[in-house]
Amino acid sequence: MEIDGSSTGKRVGGALYVHQSAMDCLLLEQSRPIAAAAEHVPKGNWNVAKIDLADYRAVSLLNYEDFAEHAFPALRQSHRVDLGTGVVTVRRYQTNPPILHRKELLLAPDAPGRDVYLALTRELERRGLFVDMTRRGRQHAWEAALAEAGIEVRDHRVVASRTTRGSFDDC
């Protein structure tokens with residue numbers, strides 16, 4: 001998927017989300033504002049950048065749980081930087097945080113684990129779990145949708161949930 005000349009990133013509305021490890025894959029007009037915003041945030045406090053593609057002045061630096069460990073990382077904290085004013089707004093998410101879906105899109109095409117993440121996304125798409133995502137974007141709703149489908153995600157694999165499991169483990 002190509003987004004404004006770059007093949008890396010996930011576009012949601014007028015914003016582009018990209019993992020910190022994929023910064024080298026961005027166009028300069030995308031990576032420069034992110035680098036400028038990072039000057040306003042303590043080092044190590046973000047792993048995903050969200051950039052407003054309309055004017056490149058609003059950048060949010062997001063701190064999600066570890067990508068390799070969590071199939072659907074929860075957002076822990078965000079720093080929204082207005083590059084015009086230098087104002088930084090910090091938000092912390094402790095109960096029912098936003099969940100990151102389709103995380104493979106945020107990574108470089110050759111990123112370690114990307115194929116595993118993509119396979120999980122495709123399996124859940126096949127099962128109809130990625131419908132009405134505006135209602136399933138937070139942890140509680142996402143967990144309820146998985147439970148309703150009778151599945152769990154463990155080690156980036158879909159398995160029958162413990163309450164519905166019969167004689168099979170993998171779905």
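Between which two strands does the loop that holds tyrosine 56 lie? Tyrosine 56 is found in the loop between β3 and β4. That spot is a handy way into this model, which is a predicted one.

## Overall build

Let's start with the whole chain. Its secondary structure comes to three helices and eight strands. If you walk along the sequence, the elements follow the pattern β-β-α-β-β-β-β-α-α-β-β.

What about overall dimensions? The C-alpha trace spans about 60 × 35 × 25 Å along its principal axes. The radius of gyration is 17 Å, which agrees with the value near 16 Å that a compact globule of 171 residues would have. Of the 171 residues, 42% count as buried. The accessible surface comes to about 9,500 Å², and carbon and sulfur atoms account for 46% of that surface. Among contacts between residues at least 6 apart in sequence, 45% join residues at least 24 apart.

You will find aspartate 155 in the loop between β7 and β8, where β8 covers residues 157-160. Is aspartate 155 buried or exposed? At 71% relative accessibility, aspartate 155 counts as exposed, since the cut-off for that label is over 50%.

## Alanine 49 in strand β3

Strand β3 covers residues 48-52, and alanine 49 is part of it. Alanine 49 has 0% relative accessibility and so counts as buried.

Which residues does alanine 49 touch, once those up to four places away in sequence are set aside? They are Leu16, Tyr17, Val18, Ile34, Ser60 and Leu61. As for isoleucine 34, it is 15 residues from alanine 49 in sequence, and the two lie 6.8 Å apart in space, C-alpha to C-alpha.

## Serine 31 in helix α1

Helix α1 runs over residues 28-38 and includes serine 31. Serine 31 counts as buried because its relative accessibility, 14%, is under 20%. Leaving aside neighbours within four places in sequence, serine 31 is in contact with Met23 and Leu26.

## The largest pocket

Now for the open spaces. The largest pocket has a volume of about 560 Å³. Its lining is made of 25 residues, and Val12, Tyr17, Lys50, Leu62 and Tyr64 lie nearest its centre.

Which strand gives the most? That is β4, with five residues. By class, the lining has 14 nonpolar, five polar and six charged residues.

## The second largest pocket

The second largest pocket has a volume of about 350 Å³. It is lined by 19 residues, of which Phe72, Trp142, Glu143, Leu146 and Val153 lie nearest its centre.

Helix α3 (139-148) and strand β7 (151-154) each supply at least two of the lining residues. Helix α3 gives the most, with five residues. The lining divides into eight nonpolar, five polar and six charged residues.

How many cavities of 30 Å³ or more does the count give? The count comes to one. The largest cavity has a volume of about 50 Å³.

Its lining consists of Ala71, Phe72, Arg102, Lys103, Glu104, Tyr117, Leu120, Thr121 and His156. By class, these divide into four nonpolar, two polar and three charged residues.

Conventions. Residues are numbered from 1 along each chain as its sequence is written. This is a predicted model: local features need pLDDT of at least 70, side-chain atom pairs count only at pLDDT 80 or more; totals for chains, interfaces and linings use all residues. Side-chain values use heavy atoms; hydrogens and water are left out. On a 1 Å grid over the protein atoms alone, a cavity is a set of points where a 1.4 Å probe fits but cannot get out, and a pocket is an open set with protein on both sides within 12 Å along at least five of seven lines; lining residues have an atom within 4 Å of a point. Grid points are joined across faces, edges and corners, and a volume is the space filled by probe spheres set on the points. Ala, Val, Leu, Ile, Met, Phe, Trp, Tyr, Cys and Pro count as nonpolar, Asp, Glu, Lys and Arg as charged, and the others, Gly among them, as polar. Helices (H or I, at least four residues) and strands (E, at least two) are DSSP runs, numbered from the N terminus. The radius of gyration is taken over C-alpha atoms; the globule rule is 2.2 Å times the number of residues to the power 0.38. Buried means under 20% relative accessible area, exposed over 50%, partly exposed in between (1.4 Å probe, protein chains only). Contact means heavy atoms within 4.5 Å. Accessible areas come from the Shrake-Rupley method with a 1.4 Å probe; for residues, only the protein chains shown count as cover.
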